[in-house]
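Please take a moment with the model shown here, and keep the sequence at hand while you read. The paragraphs after it are meant to be followed with the structure open beside them.

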4 protein chains.
Amino acid sequence: MKTIAEIKLLDHGYLRFIESWGSDERIIEAARMSTDKGFQGWDTDMRLLSYLYDHKHSTPFEMAGIVVEVKAPLFIFSEWQRHRTQSYNEMSARYIPIPDEHYLPTIERIMEGANTSTTNKQAQGVTGTQMTWSKAVDAQNAMLGAYYTTQRAYAGLLALGVTKELARLPITVARYSKMRASANLRNRLAFMTLRSDPSAQWEIRQYSDAIGQLVKELFPRTWSKFAEGQTK
Amino acid sequence: MKTIAEIKLLDHGYLRFIESWGSDERIIEAARMSTDKGFQGWDTDMRLLSYLYDHKHSTPFEMAGIVVEVKAPLFIFSEWQRHRTQSYNEMSARYIPIPDEHYLPTIERIMEGANTSTTNKQAQGVTGTQMTWSKAVDAQNAMLGAYYTTQRAYAGLLALGVTKELARLPITVARYSKMRASANLRNRLAFMTLRSDPSAQWEIRQYSDAIGQLVKELFPRTWSKFAEGQTK
Amino acid sequence: MKTIAEIKLLDHGYLRFIESWGSDERIIEAARMSTDKGFQGWDTDMRLLSYLYDHKHSTPFEMAGIVVEVKAPLFIFSEWQRHRTQSYNEMSARYIPIPDEHYLPTIERIMEGANTSTTNKQAQGVTGTQMTWSKAVDAQNAMLGAYYTTQRAYAGLLALGVTKELARLPITVARYSKMRASANLRNRLAFMTLRSDPSAQWEIRQYSDAIGQLVKELFPRTWSKFAEGQTK
Amino acid sequence: MKTIAEIKLLDHGYLRFIESWGSDERIIEAARMSTDKGFQGWDTDMRLLSYLYDHKHSTPFEMAGIVVEVKAPLFIFSEWQRHRTQSYNEMSARYIPIPDEHYLPTIERIMEGANTSTTNKQAQGVTGTQMTWSKAVDAQNAMLGAYYTTQRAYAGLLALGVTKELARLPITVARYSKMRASANLRNRLAFMTLRSDPSAQWEIRQYSDAIGQLVKELFPRTWSKFAEGQTK
């Protein structure tokens, strides 16, 4: 039934579907427990689903969930792991030398971020000017330089015989890591509400929107309620 | 009553006591709810506390807690924030340029880690030799070089007008951040069980042991049970 | 500072203040962690508190909390204990014979419930008539009869030598029990949002409003935001 | 694959399998995330599973779970719902008149409980004698009398036009209710550890053992570790 196997994200990342449980129908069945009835068909039960969603009767949405594997830069994991009802297991540089892969934003991303951002007034104040193509190229080079230097330091420390848990100190938050993460649909909806919002950082929004694609395919009626809220 | 205000940790970190709630007596009072009795005095109630602790009747230990402020490198926060019943708010490089402070392990720490570790066989295999003072100095220099380069990149990106949320990409996991964290005593005990264990990384163990000092002062009878378990 | 020690509720119940932690200021301090600033004074920080509350940035509200002791009928505890981030320890009929105290609604409560309820159409359909004073007296008598009979059965079973855990089977959900309960302010606010709502059962609303009195006294600025939401 | 559809329990109860997610293999895959490896085959990975289980590395066990529907007396639900990482939706007497079905322990259960219990000294002290067949029959009759009286009161209150939320007051904790409940395997294992223990009440042990049958069929290798712990 599930046709999305993997969604490529950013320059080296992905969101991979592992499995799901529950369904829109199961959410209704759980909600109907209170009156000892089952699923009645969508002709009548779409209204119930709307009611549950609109009035924040959230517990029935805990009856379904999605397990994914995610490859993303460390700074995205820091934000993602704030969502504490999620279960996850992450790759650890204490145990293995983690690969030399870093997130490099595109020229367009760097320019658009700087020129439209309302959250970066201080930085813009420093220059008092627009972000140009040439400055964005300089920015990419500065990042690449940092990635090159830190990788060389990391490899050098491992070669010197420094323990992996200490050799990892020069690793940047742009470096890719991986996790398996399981969460129920209530958690996924709360995540998307915060992380698909325009105020969220563009990079995590890509992951959140990818979760949205899975929700849309697996739980289309719950998705339609979420999407309705987004366009308001 | 509380005399510990702040414990200095590593080269720039600290654990600062903010406040606490509950007490050993309150734990007993909660446990005695089941039989509608109150605290009876430690002559009889130390046995009850021991019983609760030894038989993992953990819910009464949720009736007390400690709020702290922590300054620690990012790699420590990643481990700490796995403990999901904790509440926390952390400094964010999305909102402010975070200070140029990094954790630099001492020569002794680098040497001892490499020479005694049983978890770093691959790295030692690379050299086939002992970690020496001179290699440890090289290691420190490699770290310092990475910190210097990444700070220059970070400052440069901000100066170019790159948004703070992207300019932070070259930041290393050795960089210090801060958080306020509130957790009940059950969470604190679980944290110490894992993070004051010899298999935990030495750096997080310093923070965990500092939590232990607060527990010892604030909840001396619960601490005595924990300490008993440690020496077995 | 705290002047409310105990609030009497229903015919035999109460909400007793045990202790609290945190304050409106502490909530601000935690929120300001993200930009490494502290509390700035309410002239500027009331706006921040409003922003946090209105935009559902809920984690700073986890930095404060209230511990209470509650005496309430069992049917209220069933609803209360749905709020899963709460910690609690309850009196147990497995361990002690629980007292012969039951909740008996007043004549006014029985009449008002039946005549204004929009949630009891089927029951009203049975009679097709208004609830009268005399019927409400009959209702009270039916309840008292059930309480008397079940207490006699309970005491009789204990006297026969039946174990407490089985002798409790005839206990009704109107019977009073007790619990100690600790919860952070975020949980308390979510509880009040659901349980001080007009759609909540009148009995649990009394307890929720009592929690509200504590919140008002302990966290007056957070309370003002909650109260603002209530009158909308 | 799942062959157990429903397990009958007590006189009117059941545990019905709804669905599950994850597998023993998925637990391993999640655990191997830390070293970026996948499942290697049980020849090598049974050792890893044992290690995780024995050292309480519990998060990988959150990658699997079971959804069930449960019919049980109210006093069992009170105990079950203490397990707070579980998600559930329960039948509510606020919304529907709940059926006239009560748990009646058998003569054998009443006798065995009283004669072997070490937790009922006070009750036995009342009589100073053994529980006999004839006393156990008296006990059953006392329970049946209470069930009959309370059902008559309940039906009478509804007929008088009392709202369902108040008419339910005479309901006993022996009355059957239903819930849908979803929980990950870590929660299920913690539940079984407490509730399949000899110190747990016999009635909830039946439900816990039924959960055990599902775990055994769905996650046989995790089950073997749990069972090993039980026989120690």
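What follows goes from one chain to the pairs of chains.

This is a predicted model, in which local features need pLDDT of at least 70 and side-chain atom pairs count only at pLDDT 80 or more, while totals for chains, interfaces and linings use all residues. Residues are numbered from 1 along each chain as its sequence is written, and chains are lettered from A and ligands numbered from 1 in the order in which they are written.

Begin with chain A, for which the domain assignment (bounds from an automatic or database assignment) gives domain 1, made of 6-93 + 175-231, and domain 2, made of 107-167. The centres of these two domains of chain A, taken over C-alpha atoms, are 31 Å apart.

Turn next to where chain A meets chain B: the contact (C-beta atoms, placed from the backbone, within 7 Å) takes 47 residues from chain A and 47 residues from chain B. On the side of chain A, the elements that give two or more residues are α4 (107-116), α5 (121-127), α6 (133-160) and α7 (164-167), where helices are DSSP runs of H or I with at least four residues, numbered from the N terminus. The largest share of that side, 15 residues, comes from α6(A). By class, the side of chain A that touches chain B has 25 nonpolar, 15 polar and 7 charged residues; here Ala, Val, Leu, Ile, Met, Phe, Trp, Tyr, Cys and Pro count as nonpolar, Asp, Glu, Lys and Arg as charged, and the others, Gly among them, as polar.

How do the axes of α6(A) and helix α6 (residues 133-160) of chain B cross? These axes, lines fitted to C-alpha atoms over the stretch in contact, with angles from 0 to 180 degrees between N-to-C directions, come within 9 Å and cross at roughly 170 degrees. α6(A) and α6(B) are therefore roughly antiparallel to each other, a term that covers angles over 145 degrees.

The same surface serves both copies, since 100% of the contact residues of chain A recur in chain B.

Finally, 47 residues of chain C are in contact with 47 residues of chain D.

How values were computed: Two residues are in contact if their C-beta atoms, placed from the backbone, lie within 7 Å. Angles under 35 degrees count as roughly parallel, over 145 as roughly antiparallel, 65 to 115 as roughly perpendicular and the rest as oblique.
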